[in-house]
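Here are my notes on the model, point by point. Please read them with the structure open.

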Amino acid sequence: MKDIWRELQTPDDGETAPLRSKPPGAHQMKNSSVLGAAALGTKGVDYTDPEETDLYETGFVVREIGPQVVRLWVGLQIAALFFQLLLWNEMATHLAEFEDVVANECAPERRQHGVCAGPMWSLTAWADQPLASSGNFMHPDRLSYQFSTKSSPPSFLLNVDPKKLPTAAAPLAADAAAATADAAPMDTNFLGANNVVADPLAGQDAAGARWGIEIVREDPPQAGPPLRAFHMGQHAMTFEDMSSEAKETLAIKGEVKWRATISMHGRSKHGFRFVSFVEDAASSHLQDLHANPQCRFGQSWKAFNEQHQGSSHQSLTRARSWLFRFLFIGAFMVYTVHKSLPAGGGGVGFKFHLVVLAKCLFQDLPQQIFIVMYLLGWFEAAGLRCQLCLFHSEHCGTENAFHFTNTMAILLTLVSSISNQLLVRPAFKRKYTEDDICLQCSMRTSAMCISILPFTTGICFASQSLLPAANFLHVLAAIPCGLGWLAFVAALLVPCLVFCDENCDDF
């Protein structure tokens, strides 16, 4: 009994300590600070510590970053820079190849009336005619010409490119149009009166010029109604005639005859000249392009002509230039963070936070945009890769955009974008309500969806020519894409709501 009594009287048993409302460790219980302690990733917070003031009532405070986390981030960025360099090299190689092929196949000596006559097609009709706007929708000025196709099945492209006439030449447009309105059907080299120019495709594009077109097959006669369409500005259209009548006529006469009629609509103070040409498909590897599931012959042919014979791929050129600059910007930021690490350990202060935020806003997000531009501009059904197939059959094979190098570059870029989640942690509170937990989870999810918004948006616009499992990836990307755009719009509206709330009492 004496030994038991002495054991109970030892000072280590805590019997003489005052009673407490909560035992030690109670702050780690459910609905208490479990969320805060788990999210802190640092030393635990004692229940006697005061509650922390969150940032702008978001429920978060700035996290103190240790050197180990910084070193992990630096390693991630170095790996990302390596794979991004490989992706940029692939893009630069592809664009250089496209530019070389276009420069060779569309050299000035190979052009007819300024139109690139590639091995995939032949220029079968061309017209350059000024038209005046009468302002009468029922009786617009018209330009009509006949052309023939020899491809089997009949496959041709018709391009209409309105150009603004110089101010001094604008009054002559009506006279020129009237002089040729009743002219005979135009042949391949017809040129409108009073409008001889050195470069027919030169001049200011008239994006606002409204016009209509009617295409009818004359031989063999077309049984159904003619094709009619209305457009604005420059536009290219592709046609394929799979009818038995056209096949029989082609076998007997060797050609199918057509007529195109272009009419100008609307009222305009400017004079316009309409440059129109027809290209007939004439290629030995036409079947190779049709057999490629990733390319669409009509879309590729149309895109090449709508981009002014391949000279308007500035978007990919800009993407190549900016991705190269981002390599140096990223290397500089990684070097800056690495030099800020103290030699003897310890914290790195808030310099790391500023670098991560700046990198996310001014490098990671724009970098996603340019990567998406490359994927869509090169690998889509009407992209530059499929346009190369118009010239050489070796480019008509399938190609995977998401091979190992590109996949790693994309994944590391996305991980770098969402690394801003490390910068904050939940503020410590003695009691967390369900609203607090819901708000913190919502803000985390919203920030993550905004951080990868450019890439998920691009995936939603991509087709099966680019994506291996298009339907599944569309559904997978639609959720963060929709949440990201909702969060982005909400973030833009918050300042407006705050301003209205502060000033509503004045009215």
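**Notes on the model**

1. Leu76, Gln77, Ala79, Ala80, Phe83, Gln84, Leu86, Leu87 and Glu90 of H3 meet Phe404, Thr405, Asn406, Met408, Ala409, Leu412, Thr413, Val415 and Ser416 of H11. Contact means heavy atoms within 4.5 Å. By class, the residues of this H3–H11 contact are eleven nonpolar, six polar and one charged. Here Ala, Val, Leu, Ile, Met, Phe, Trp, Tyr, Cys and Pro count as nonpolar, Asp, Glu, Lys and Arg as charged, and the others, Gly among them, as polar.

2. Basis. This is a predicted model, in which local features need pLDDT of at least 70 and side-chain atom pairs count only at pLDDT 80 or more, while totals for chains, interfaces and linings use all residues. Residues are numbered from 1 along each chain as its sequence is written, and side-chain values use heavy atoms, with hydrogens and water left out.

3. Overall make-up. The chain has 14 helices and twelve strands. These are DSSP runs numbered from the N terminus: helices are H or I with at least four residues, strands E with at least two. Of the 507 residues, 44% count as buried. Buried means under 20% relative accessible area, exposed over 50%, partly exposed in between (1.4 Å probe, protein chains only). Among contacts with a separation of 6 or more, 83% join residues 24 or more positions apart.

4. Geometry of H3 with H11. Two packed helices are described by the angle between their axes and the distance between the axes. H3 and H11 (residues 404–417) pack at about 135°, axes 8 Å apart. Axes are lines fitted to C-alpha atoms, for helices over the stretch in contact, and angles run from 0 to 180 degrees between N-to-C directions. H3 and H11 are therefore oblique to each other. The cut-offs: under 35 degrees is roughly parallel, over 145 roughly antiparallel, 65 to 115 roughly perpendicular, and the rest oblique. H3 passes H11 in a left-handed crossing. A crossing is left-handed if the near helix is turned anticlockwise from the far one by less than a right angle, and right-handed if clockwise.

5. H3 with H8. What is the angle between H3 and H8? H3 and helix H8 (residues 314–340) pack at about 160°, with axes 9 Å apart. The two are therefore roughly antiparallel. This crossing is left-handed. The residues of the H3–H8 contact divide into 20 nonpolar, four polar and two charged.

6. H9 with H13. Helix H9 (residues 351–379) and helix H13 (residues 453–461) pack at about 20°, axes 8 Å apart. That makes H9 roughly parallel to H13. The crossing of H9 past H13 is right-handed. H9 supplies Leu365, Gln368, Ile369, Val372 and Leu376, and H13 supplies Leu453, Pro454, Phe455 and Gly458. The class count for H9 with H13 is seven nonpolar, two polar and no charged residues. H13 is mostly covered, with seven of its nine residues buried. Those buried include Thr456, Thr457 and Ile459.

7. Cores. A nonpolar core is a set of buried Ala, Val, Leu, Ile, Met, Phe, Trp, Tyr and Cys residues joined through side-chain atoms within 4.5 Å. The largest has 67 residues; Trp121, Leu323, Phe352, Tyr374, Leu375, Leu390 and Phe391 have the most contacts inside it. Helix H3 (residues 67–105) gives the most to this core, with 14 residues. Another core, of 26 residues, lies apart from it and includes Ala125, Ala127, Met237 and Ala260. Leaving out residues up to four places away in sequence, Leu323 touches Leu87, Trp88, Met91, Gln367, Phe370 and Ile371.

8. Ser155 and Trp301. Ser155 lies in strand S6 (residues 155–164), and Trp301 in helix H7 (residues 297–306). Ser155 has 1% relative accessibility, so Ser155 counts as buried. Trp301 also counts as buried, at 1%. Beyond four places in sequence, Ser155 is in contact with residues including Phe239, Glu240, Phe297 and Trp301. With the same exclusion, Trp301 touches, among others, Trp121, Glu279 and Leu390. The C-alpha atoms of Trp301 and Glu279 are separated by 9.8 Å, with the residues 22 apart along the chain.

9. Cis bonds. Most peptide bonds are trans. The bond from Ser152 to Pro153 is cis, with omega near -5°. Pro153 sits in the loop between strand S5 (142–149) and S6. Asp219 and Pro220 are also joined by a cis peptide bond, with omega about 0°. Pro220 is in the loop between strand S7 (210–219) and strand S8 (227–232).
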